[in-house]
Each structure stands twice: as structure tokens, then as C-alpha cells.
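Hi everyone, and thanks for making time this morning.

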Amino acid sequence: MGEHPSPGPAVAACAEAERIEELEPEAEERPPPAPEDFDPGNTGYISTGKFRSLLESHSSKLDPHKREVLLALADSQANGQICYQDFVNLMSNKRSNSFRQAILQGNRRLCSKALLEEKGLNLSQRLIRHVAYETLPREIDRKWYYDSYTCCPPPWFMITVTLLEVAFFLYNGVSLDQFVLQVTHPRYLKNSLVYHPQLRAQAWRYLTYIFMHAGIEHLGLNVVLQLLVGVPLEMVHGATRIGLVYVAGVVAGSLAVSVADMTAPVVGSSGGVYALVSAHLANIVMNWSGMKCQFKLLRMAVALICMSMEFGRAVWLRFHPSAYPPCPHPSFVAHLGGVAVGITLGVVVLRNYEQRLQDQSLWWIFVAMYTVFVLFAVFWNIFAYTLLDLKLPPPP
């Protein structure tokens, strides 16, 4: 029988990637053996010379962005060898911390043409490029995202949460016959989704309060920020990570109220919204020189003004004479809980695009801090209200 032609690098890598996904975690740390054509000694490494020749012979089959990253990888190897695992990671749209370091060391060639200079892009390609420049501070990450994003799945989490919030608001508006300052209606707090201090044993209220808003002025600003900031972040970082930050901000917000403003109810999604926006703004500030979004100073100022207006509205409402005394209007402390989550857990998530969070020591530090806060708040809700002999407003 005649010899079969050797497979192209993309085909071989994808086949190898499927096998690697089934390995145990400890086995993933060792580089897999490369095919014999690439690595006769079965060492798991490919010489840069052979690697370059493979790229040249198959360059027409590779995406230009991936070819540039592969060349940058070859440029960065002083020892003349490339780990085959790194090659597989790239071709199967996966990366590791060691791979990023190798790429960053050799990114001089990669950055010879910025993604912003690409011409002839259609509308969807320009949108993806715009999102990349809005959220990612490194050119290599922007090129990687532009190359690998497929819109499958779409940013469903933020869109679904927003639609649910709007639907619940419209339902309450019709049932209460009031859309502006709904929170002043005498029957507003009777809804089973609102967090109320007398009903704090009903654990779902610490989360479901996001579907109740004080009025159309409250809902409108939260929805705008969720869509303008949350959707692009989800397109880049995925529903799991952005959903984690959002939900962590929501829970931290209601728990913060139960500790710091013990007699007040909570409504609105501001805890989750402020977590995302605070993380995004902090990421821009920390990577100021790398962020290439247009008018970033002006846009940061606009975002801060919007957040300040919403926070000011919440503070004013909290101390405004209540429509259902002796229970006060909803608290503003949830906003601060969201900000705290955003500048801790949120920043770590946004700064580690495509990297495993479990490999980041800072991630575990902030997770431990968040866990300690949650446990403290739980015990506080169980014991502090009785020990302090606090007089709570009657249940709605």
C-alpha cells in the first residue's frame, strides 16, 4: 500500500485536541507527544525550524491571525523548540498561562499590523472588532477574540435578565396602575420577590429582588447600563463568568443591606449592574495605555455621572418620607455591595481573558474574602437581629 500524505497541522492539532480534553487534570500538565512526522523522538516538542517549514507549506490553509500568532510563538522560543501542547491550544482555540507568556515575549512580529487597521470588514466583523477594543487591553487578545468569536452561544444571560426585569416591571405597572415611582404604592412591598427584613428567612428574596424596580426611572438606567456594558463583556468573557460577577454582586448587595441598613427593604438590579460597571471601569483605569476604545475619558466620565445620578436617586428615595410607615423606602446600600464585588472578583475576571481563574492566586484570595463575608452576613441575619433587640417594620 502507498504511504498516506501527512496531515496538515490544523487537522492533526484538532484531532489531538479532542484526545487531550479527555485526559485527567494531572495529565494535562505534561505536553502530549507530537505526531512522528513532527517529532521523531516523541518528546512532545517541535523544533522551530520544522515548525516554520510546516507553517510555510500550509500557510494558505490557516487563518491569517492564527498564522501571525504561531509565528510570534516561534519567535519567542530561545531554545529552538515549541511545546506541541501550545500548538494544540492555539489550533483548538484554547490557551494556557505559559502559552500567553510565550506569545507576549514574541509579540513584536504579531503587532506589526493592528486589528484596527484591517480593511474591508462587514458590519458583524466591525461590531466584533469594536467589542474587542471596548473590553480588551492587549492587541494579541483582541486579535485572538476577533479570530475565534462565533456568536455561538450569543450573549443570552444579560439579554434574558434584562427582558425578565422589563416584563416584571410592566406586569407590576399594570397591576398597580403606576409606572413612575412604583415603590410609593401602598401594595408595592406585598410582592413576594422583594427583599424585606421581616421576611429575610425566605432565601430566594436575596436574589429575586432584582426583578422589582422603584420605577421606570430606576429600571431605565439599569437596563441601559446592563445592555451597553454587560452585553459586550458577556460577548468577550462568556455567560458563565459575567453571570458569576453579576449574581455575586446581587447577593452581596442584599446581604450588605441586611447588615448595614437592617430595617430597609431592597429592590432593583443595581447590585449586579454596579458590579459589572465597576469592574469594567477599574479594568480600563488599570490598563489605561492598552485600552484603545475611542473617547475613553469622556465615556468613563459619562458612566460615572450615570452611576452617581442613580446612586443619588437611591439615597434621596431612602430618606424620603415613606409611603408605608414605619417601613422605610428601599435601601441604597446594595449599590455599594455591587461596587465591592466589581473591584475585587470582577476585576480578576476581566483581567484574565481566556485564562483559567483557578490558576490565579488573587482569584482565590477574593473568593475567600467573599465567602467570609457571606458567612458573616448569614450568621448576622440569624443572631444579630435578636441580640440587638432591633424593632423591625411589620411584614407587608
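**Helix H15 and its partners**

Let's begin with a pair of helices: H14, which covers residues 333-351, and H15 have axes that come within 9 Å and cross at roughly 150°. Please keep in mind that this is a predicted model. The crossing where H14 passes H15 is left-handed.

So who makes the contact? On the H14 side you'll find Val-341, Thr-344, Leu-345, Val-348 and Val-349, and on the H15 side Leu-362, Trp-363, Phe-366, Val-367 and Tyr-370. Sorted by class, that contact has nine nonpolar residues, one polar residue and no charged ones.

Now let's turn to another partner of H15. Helix H11 spans residues 216-260, and its axis and that of H15 come within 10 Å, crossing at roughly 35°. H11 and H15 also make a left-handed crossing.

Leu-375, Val-378, Phe-379, Ile-382, Phe-383 and Leu-387 make a nonpolar surface patch of about 620 Å². Where does Phe-379 sit? Phe-379 belongs to H15, the helix of residues 361-387, which brings us back to where we started.

That's my tour, and I'm happy to take questions.

How values were computed:
Residues numbered from 1 in each chain as written. Predicted model: local features only at pLDDT ≥ 70, side-chain atom pairs only at ≥ 80, totals over all residues. Heavy atoms only, no water. Patch = residues over 30% accessible without salt bridge, like charges linked within 9 Å, V, L, I, M, F, W, Y side chains within 5 Å. Areas by Shrake-Rupley, 256 points an atom, 1.4 Å probe, with all protein chains shown as cover. Salt bridge = Lys/Arg side-chain N within 4 Å of Asp/Glu carboxyl O. Helix = DSSP H or I, 4+ residues; strand = E, 2+ residues; numbered from the N terminus. Axes fitted to C-alpha atoms, helices over the stretch in contact; angles between N-to-C directions. Left-handed = near helix turned anticlockwise from the far one by under 90°. Contact = heavy atoms within 4.5 Å. Nonpolar A, V, L, I, M, F, W, Y, C, P; charged D, E, K, R; others polar.
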